[in-house]
Amino acid sequence: MDDNLKEGKDMDLREYIEEIKSVGEIRELKGADWNLEIGVLTELVGEKDGPALLFDDIKDYPSGFRVLATCLNNTKQINKAFGFPAEQPTLDLLRAFKDKLAQVKPVAPEEVSSGPVLENIQEGSDIDLFKFPAPWWHEGDGGRYLGTGCMLIMRDPVNNWVNAGTYRLQLHDRNTLGSHISPGHHGRLIRENYWAKGKSCPVVAVFGIHPLIWLTSMLAYPWGTPELNIAGGLAGAPIKVIKGKFTDLPIPYNAEIAIEGECPPPEVESRTEGPFG
């Protein structure tokens, strides 16, 4: 197992990028266009189980505003995410993955007061989501999308547990994202619990976290299971979180981007979302 996981060290996305780079599993591309070009390259590499793609110097954006794609696209990458030997064959990975999930003991997050996610803060009229190079991924899409490579965090108002799920996020305007959640998914049920009370649902959208943490938001756990606790169990140490100023929700302290907001009842405000993909 990888030393970072064995020793319960902090994990972040930049660390993971260096890990997969060390086994030849990343390609850095400069000058791509956010309008369809990033999406086409991502689809082509994804179909062939190719390396992760790290886009920089994206058209219309300054250097350093990067997009990472296909970062869990093959066995080597997934092995590194879970702290397994990079060369472990696919069948061995599946067995190890199954055993790890079966044996995991949840670990509650640890609240901290500061972290990298607080280094740059925009509020109110300073917010402009177009500062991020959100791609127009597919020709038939309804717009540009910041997610699905993200984690949406919500707290159920009835039982007070925190859910983390992966749902797509369309970029509508400088301070509005549209979230599509299919019927039956926990995030949708939580939103509806707020709406039934005539309230908006507080939500945090988190981007750029270690894949081990992100993966828990894509797995199917029973209602009431806090995914951040599962992530802590898989990592062997609590996931450090910062309490959101506006939502009171836990935010991974070393996330690249976190967007706090609320989802109002549809009768109060709604937008046409999609199609996507």
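Okay, a definition to start: helices here are DSSP runs of H or I with at least four residues, strands are runs of E with at least two, and both are numbered from the N terminus. Counted that way, the protein chain has eight helices and 13 strands. Its radius of gyration, taken over C-alpha atoms, is 18 Å. Along the principal axes, the C-alpha trace spans about 50 × 45 × 35 Å.

Quick housekeeping. This is a predicted model, so local features need pLDDT of at least 70, side-chain atom pairs count only at pLDDT 80 or more, and totals for chains, interfaces and linings use all residues. Residues are numbered from 1 along each chain as its sequence is written, and side-chain values use heavy atoms, with hydrogens and water left out.

Now, the sheet. It's an open one of three strands, ordered β1-β2-β3, with mixed pairing; strands pair if DSSP finds at least two bridges between them. At the edges sit β1 (26-30) and β3 (67-69), each pairing on one side only. From one strand to the next the twist averages 20 degrees. β1 and β2 (residues 52-56) run parallel, joined by five bridges, and Glu28 stands opposite Leu54 in β2.

What packs on this sheet? That's helix α2 (residues 13-21), which touches β1, β2 and β3 and makes about 110 degrees with the direction of β1. Axes are lines fitted to C-alpha atoms, for helices over the stretch in contact, with angles from 0 to 180 degrees between N-to-C directions. Contact means heavy atoms within 4.5 Å.

Leaving aside neighbours within four places in sequence, Val45 contacts Gly50, Pro51, Leu53, Thr70 and Asn73. Asn73 is 28 residues from Val45 in sequence, but 8.7 Å away in space, C-alpha to C-alpha.

Last stop, the second largest pocket. A pocket is an open set of points on a 1 Å grid over the protein atoms alone, where a 1.4 Å probe fits, with protein on both sides within 12 Å along at least five of seven lines; lining residues have an atom within 4 Å of a point. Of the 19 lining residues, Thr166, Tyr167, His185, His186 and Ser217 are the closest to the centre. Strand β7 (residues 162-165) gives the largest share of the lining, three residues.

How values were computed
Rg over C-alpha atoms; globule rule 2.2 N^0.38 Å.
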